[in-house]
Amino acid sequence: MSVEVVRERRTAILVEELGKLPAFLRRDLLTALSYRVAFVSDVLNLVLQTATFYFVGLMVDDDVLPTYGGNTTSYLEFAVVGIALSMFIALGLSRVARAVRAEQMMGTLESVLTTPTSPATVQLGSVVYDLIYIPIRTGLFLVLAAALFGLDFDASGVGAAAAVLLAFIPFVWGLGIITAAGALTIRGSTAGVGFGVSVLTLVSGAYFPLDLFPGWIQALAEFNPLAIAIEGMREAMLGSAGWSAVAGDVLTLLPMSIASLVCGIVAFRLALKRERRAGTLGHY
Amino acid sequence: MVDVWQAPVEVPAFAPARPPAAALEARRVSRSFDGTRVLNEVSLTVEPGRVCALLGPNGAGKTTLVRILSGLVMPDSGSVRVCGLDPAVHERIVRRRLGLVPSGDRTFYLRLSGFENLVFFARLHGIKRRRARERAREVLEQVDLADAARLSVQKYSHGMQKRLSVARALLTEPSVFLVDEATHDLDPVAARNVIEIIRGLCRAGAAVVWATQRLDEIRGFADDVSLLSHGNVRFSGSVPELMTHATPRRFLLRLEDALPGGDLADRVVTALAGRGRVERAGGAGSGHYRLRLRDDVILGDALATLAAADARVLACREERSEIEEAFLALVQERSP
């Protein structure tokens, strides 16, 4: 068989696999829509959370906050970007990690795996809804916060902020898939996700400036992708920074994201193989 | 990107020049869990158009074998071939050719309708969206669930879920069906419906592995039987061959109990003269008796003796079916 034939077959399989993702998306969209109350309460929760920070912000002296592009910011403007991204990582990680686990718990994972579907498609398909929904939710949160509390975001920075977010998203996916792989092998290990997210968030400067930390934690924070993403988005949305100002952040985030994604895919593949060998795929 | 997917290079042209005689073949398959051997060198062959009943008591290894045949669990040793192909090498092709009806209930998305579930699984089999919807409707009709197509699966009864499971296995018109306890939760009519569907598939050339504990349903349905006990194959052959392992000694009789001349039970006991025992099986006047024959006595002779003593035998049947007798005899044998 010629190399071309092999390549054509691989391409055909890849196209077929990608064609299955809309089916996963529809499945999870229909499931989410069947929980209408949860959907509405999620939006209300976003508003209430923002209101809380608005009132906390009334107590904070703006002078203690860093400036972006020479512009002073209010505490709510400062915190909203941090909240948006920390919620993004918390929600992204837990939902991505629990998506496959939920399939396992429901007993549907085995049904899915008896179809001619690649494990990579199963893992991507299980989270494709969240991968789309969570960035939309994050954007909605920022728009709601700006509209309801009169935040002064720079519209011209939206493109640069989106670039930072796009570079950061695969990092969260990868981390989520690593956690999902862990959950397949060690039942209940998703409980550790909350702790991990808290640590990442604490040293990210999401809610307060990193200057308040001891020097060594500040040094560590320079390698924290969440901190990098938050600072990049603040520069873009509050400091009117152009594309060039966030390029460094994007270039730093990209290799981290790629490494996270590759590690996630490999870990999931290994976990699935181990479960099949052990015969415990359907156990929960 | 292809590497990320590790797309196996499927080679349909690889199929042997002569199609394999066996649609499904397991050779000396063994499997242990936590040091306990669940399957011990189990072999099984199913030819196209035949139903192989997989019998065995709880814990015999039936479900593990079905899971191995479906590729959900890897065997420790031994090999499996589906339509002559090794599932480990030709995973995608093999999965297209296999239809699995698992034993558990938790195999569907409960918040989605039966129809949406089937469309989803059809799409995972690579069926295009429009065709997937058509196919879902067709198989729902086949299992008599068309009226419940739009109901969420959480509103389905166990029996309906089982039929939906059969419908899912039908989606791709596979050549091999693995059916694990399909009729377990079904009422007799629904069970008969499922059996008829499977019988139809067999007539069309599909091979079926039918794991069950309901011994009564394999008579007239299964062509071959494999009986598992403690992970070992205790019997492999046809249903009539299985029944040769049974020598029924206990029968239920219905006698006309309105004859003059004393108690009927006393009379038949006297008539049998030590060739067996008769005792009343129902209330007085019901005419039901249990007949237990000595090993060297033939049923026909015993019945002739009763008839000669003016006991009119209205009905006679085995207390346990021959299949059940054989099952018990084989399962109760000592492990090799």
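Guide: We will take the sheet, the cores, a helix and the chain contacts in turn. Keep in mind that this is a predicted model.

Visitor: Let's begin with the sheet. What holds strands together in general?

Guide: Strands of a sheet pair through backbone hydrogen bonds, and they do so either parallel or antiparallel. Now look at chain B. Six strands there form an open sheet, in the order β5-β6-β7-β3-β8-β9. The pairing is mixed.

Visitor: Which strands of chain B are the edge strands?

Guide: β5 (98-101) and β9 (232-238) of chain B. Each of them pairs on one side only. On average, neighbouring strands of this sheet are turned by 15 degrees against each other, ignoring direction.

Visitor: How many bridges join β6 to β7 in chain B?

Guide: Five, between β6 (residues 176-180) and β7 (residues 207-212) of chain B. These two strands run parallel. Take V176(B): its bridge partner in β7(B) is A207(B).

Visitor: Which helix packs on this sheet, and what does that helix touch?

Guide: Helix α6 (residues 158-170) of chain B, which touches β5 and β6 of chain B. The direction of this helix makes about 175 degrees with that of β5(B).

Visitor: On to the cores. Which residues have the most contacts inside the largest nonpolar core?

Guide: V164(A), V208(B) and V209(B), in a core of 154 residues. Helix α6 (residues 158-185) of chain A gives the most to this core, with 17 residues.

Visitor: What is V209(B) in contact with?

Guide: Leave aside its neighbours within four places in sequence. Then V209(B) is in contact with several residues, among them L24(B), V46(B), L178(B) and V179(B). Another core, of twelve residues, lies apart from the largest one. V278(B) and L291(B) are among its members.

Visitor: Now a helix. How should I picture one?

Guide: An α-helix has 3.6 residues a turn, so residues three or four places apart point the same way. Find α2 (residues 36-57) of chain A. Its 22 residues reach 32 Å from first C-alpha to last, close to the 32 Å expected at 1.5 Å a residue.

Visitor: How many of the 22 residues of α2(A) are buried?

Guide: One. α2(A) is hardly covered.

Visitor: Finally, how many residues of chain B are in contact with chain A?

Guide: 32 residues of chain B, and they meet 32 residues of chain A. On the chain B side, α4(B) supplies the largest share, five residues. That side divides into 19 nonpolar, five polar and eight charged residues.

Methods. Residues are numbered from 1 along each chain as its sequence is written. Chains are lettered from A and ligands numbered from 1 in the order in which they are written. This is a predicted model: local features need pLDDT of at least 70, side-chain atom pairs count only at pLDDT 80 or more; totals for chains, interfaces and linings use all residues. Two strands pair if DSSP finds at least two bridges between them. Helices (H or I, at least four residues) and strands (E, at least two) are DSSP runs, numbered from the N terminus. Axes are lines fitted to C-alpha atoms, for helices over the stretch in contact, and angles run from 0 to 180 degrees between N-to-C directions. Two residues are in contact if their C-beta atoms, placed from the backbone, lie within 7 Å. A nonpolar core is a set of buried Ala, Val, Leu, Ile, Met, Phe, Trp, Tyr and Cys residues joined through C-beta atoms within 7 Å. A residue is buried if 20 or more other C-beta atoms lie within 10 Å of its own, exposed if 12 or fewer, and partly exposed in between; C-beta atoms are placed from the backbone. The expected span of a helix is 1.5 Å times one less than its number of residues. Ala, Val, Leu, Ile, Met, Phe, Trp, Tyr, Cys and Pro count as nonpolar, Asp, Glu, Lys and Arg as charged, and the others, Gly among them, as polar.
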